[in-house]
Amino acid sequence: MLDIKWIRAHRDEAIERLSKRGLDAKAIIDEILTLDEQRRNLQTELDALRSKLNSLSKEIGKLMREGKREEAENIKKQTAQLKSQIEDIEKKKEEVDRRLYELLITTPNFPHPDVPAGKDESDNVVVEQWGELPEPPVKRPHWAIAYEYGLINFKWGSKLAGSGFVVFTGWGARLQDALIRFFLDNAVKNGYVQISPPHLVNEDTGFGTGQLPDKDEQMYYIEKDGLYLIPTAEVPVTNLFRNTVVKAEDLPVRMVSYTPCYRREAGSYGQMTRGLNRVHQFDKVEIVHIAHPDNSYEELERMCEYVGSLLQKLEIPYRRVLLCGGDLGFAAAKTYDMEVYAAGQDRWLEASSISNFETFQSLRMNLKGKDGKKTFIPHTLNGSALALPRIIAAMIENNVTAEGIRVPKALAEYLGTDIIPKGEPLPIWGQD
RNA sequence: GGAGGGGUGCCCGAGCGGCCGAAGGGGUGCGCCUGGAGAGCGCAAGUACGGGUAACAGCCCGUACCGCGGGUUCGAAUCCCGCCCCCUCCGCCA
């Protein structure tokens with residue numbers, strides 16, 4: 001949700017920043033400001049009338065107690081007109097409030113001044129790149145290799161649930177498990193508090209982080225109970241802070257959480273949806289920070305460096321991309337994507353998206369900060385550390401050798417082997 | 001799923017339809033007292049929105065807020081309706 005007070009004081013800056021998303025920012029901001037002014041005028045009017053009514057009511061009470069019925073009845077007559085006036089203005093104000101609120105919650109966040117203007121991903125800026133791009137003798141996509149090695153069965157996923165679901169088997173399942181523990185251990189060693197939240201959340205929770213109503217179609221919904229399957233741990237973990245007040249000295253808060261993520265991905269198609277590139281259910285370890293506004297961008301950099309360090313330990317080449325205004329998510333002010341290189345597809349895959357939401361989510365969640373007597377709005381941030389499927393895809397495609405799939409040293413101790421051999425994990429492997 | 005009980009300020013806990021933003025206690029802050037601490041005593045503290053003054057610090061005024069949303073009434077924390085949440089017991093179950 002946009003900060004109306006901030007907009008009031010920074011009209012031109014608001015328009016300039018929002019324009020980077022390719023919206024007609026001037027029209028939106030000016031409508032907001034007009035409504036805001038109408039609202040305040042109506043409020044002032046309303047307060048005055050209510051004040052009048054209140055004092056008349058007190059007067060009536062007093063007269064009744066004194067037994068002066070006649071006089072009381074007299075004054076009662078005066079209230080009727082006041083009441084209808086009040087009702088009138090209330091109606092107007094409700095309408096203005098409704099429209100203003102609607103705009104504030106459906107307009108996307110202001111991009112940070114650093115964010116380049118742009119339309120789509122072609123305008124994103126690569127700001128960092130690490131690692132040598134591997135050149136395997138034979139370039140094969142992970143779905144082919146994974147099936148050959150008995151790691152993943154895509155057909156079984158379709159059989160059990162439908163297209164876009166996958167079944168990990170044998171070493172494939174072990175690999176997932178090893179990665180999760182590797183990511184969690186690293187985070188905890190770096191001071192993160194581990195959280196295991198529900199995988200289903202209510203509507204308020206979905207609203208708080210901005211998925212609702214914006215991404216309504218992206219989430220699985222259980223109508224009978226009014227619950228949504230989480231699309232990322234960001235949702236439940238950030239919402240722990242909904243309707244709370246944090247002290248400045250307790251910031252930053254750094255949390256890590258492993259959960260499966262459920263996404264409908266309605267309307268997706270094409271090459272990018274093959275294999276593990278895009279699936280309806282995947283595992284992810286997420287980091288969430290609650291930070292003081294004064295240093296939230298230092299936190300953002302810190303998160304990127306942390307995620308980069310994980311990829312280095314896994315020996316996966318990656319690049320850090322600064323998203324342009326047009327590619328920026330609804331709630332984010334600034335986002336870096338961490339993309340890993342998958343040699344088999346010769347493609348960069350987004351394995352992490354690290355964002356600062358500034359006050360956007362805090363305002364929706366009613367999260368406040370207290371610095372002594374002063375209140376402030378904390379900033380929320382989050383990022384994947386990391387999403388498993390594309391890490392696995394890159395690892396398989398980059399590390400396949402004649403002897404098997406090489407496992408990076410840092411992960412070998414978790415997996416219990418430094419090379420994954422071919423195998424058929426179940427006797428029914430070939431039967432689809 | 002069935003039966004009952006309950007949601008009031010930082011916490012506990014009163015509250016007749018008007019004098020309740022809300023008794024009382026605890027805790028907190030400041031002051032007095034003390035060699036120091038404790039006990040005692042006194043004083044002060046809610047949030048949001050709007051207006052005024054003004055430096056968006058402070059202060060003053062108004063309005064709203066007693067789980068949420070409606071209703072009755074000149075007037076509701078108090079009455080009525082709907083919803084949500086929590087607790088206890090029973091049932092079911094990992």
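Strand 4 (residues 193-195) and strand 9 pair in the parallel sense through three bridges, where strands are DSSP runs of E with at least two residues and helices are DSSP runs of H or I with at least four residues, both numbered from the N terminus. Two strands are said to pair if DSSP finds at least two bridges between them. The model is a predicted one: local features need pLDDT of at least 70, side-chain atom pairs count only at pLDDT 80 or more, and totals for chains, interfaces and linings use all residues. Residues are numbered from 1 along each chain as its sequence is written, while chains are lettered from A and ligands numbered from 1 in the order in which they are written.

A residue counts as buried if 20 or more other C-beta atoms lie within 10 Å of its own, as exposed if 12 or fewer do, and as partly exposed in between, with C-beta atoms placed from the backbone.

Strand 10 (residues 281-291) is in turn joined to strand 16 by seven bridges, and these two strands run antiparallel. The bridge partner of E286 is S384 in strand 16. Strand 16 pairs with strand 13 (residues 347-358) as well, in the antiparallel sense over three bridges, with N356 opposite L381 of strand 16. Nine of the nine residues of strand 16 (residues 379-387) are buried, so strand 16 is largely enclosed by the rest of the structure.

An open sheet is formed by three strands in the order 5-7-6, with antiparallel pairing. Strand 5 (200-201) and strand 6 (221-222) are at its edges with a single partner strand each, so one side of each has no neighbour in the sheet. Two bridges link strand 6 and strand 7 (residues 227-229) in the antiparallel sense; in this pairing, Y221 has Y228 of strand 7 as its bridge partner.

Chain A is divided into domain 1 (4-106) and domain 2 (121-420), with bounds that come from an automatic or database domain assignment. The C-alpha centres of domain 1 and domain 2 lie 44 Å apart.

Helix 3 has 41 residues, which should span 60 Å at 1.5 Å a residue; its end C-alpha atoms are 59 Å apart, which agrees. The expected span is 1.5 Å times one less than the number of residues. I28, I29, I32 and L35 are buried in helix 3. The cover over the buried residues of helix 3 includes helix 1 (4-9), helix 2 (11-19) and helix 4, contact being counted when two C-beta atoms, placed from the backbone, lie within 7 Å. Just after helix 3, G67 takes a positive phi of about 80 degrees.

Around RNA strand B there are 21 residues, of which T44, S51, S57, I60 and G61 come nearest; a residue is near a molecule or strand if its C-beta atom, placed from the backbone, lies within 6 Å of it. Helix 3 (25-65) and helix 4 (69-106) are the elements that give two or more residues to this surface. Helix 3 supplies the largest share, 15 residues.
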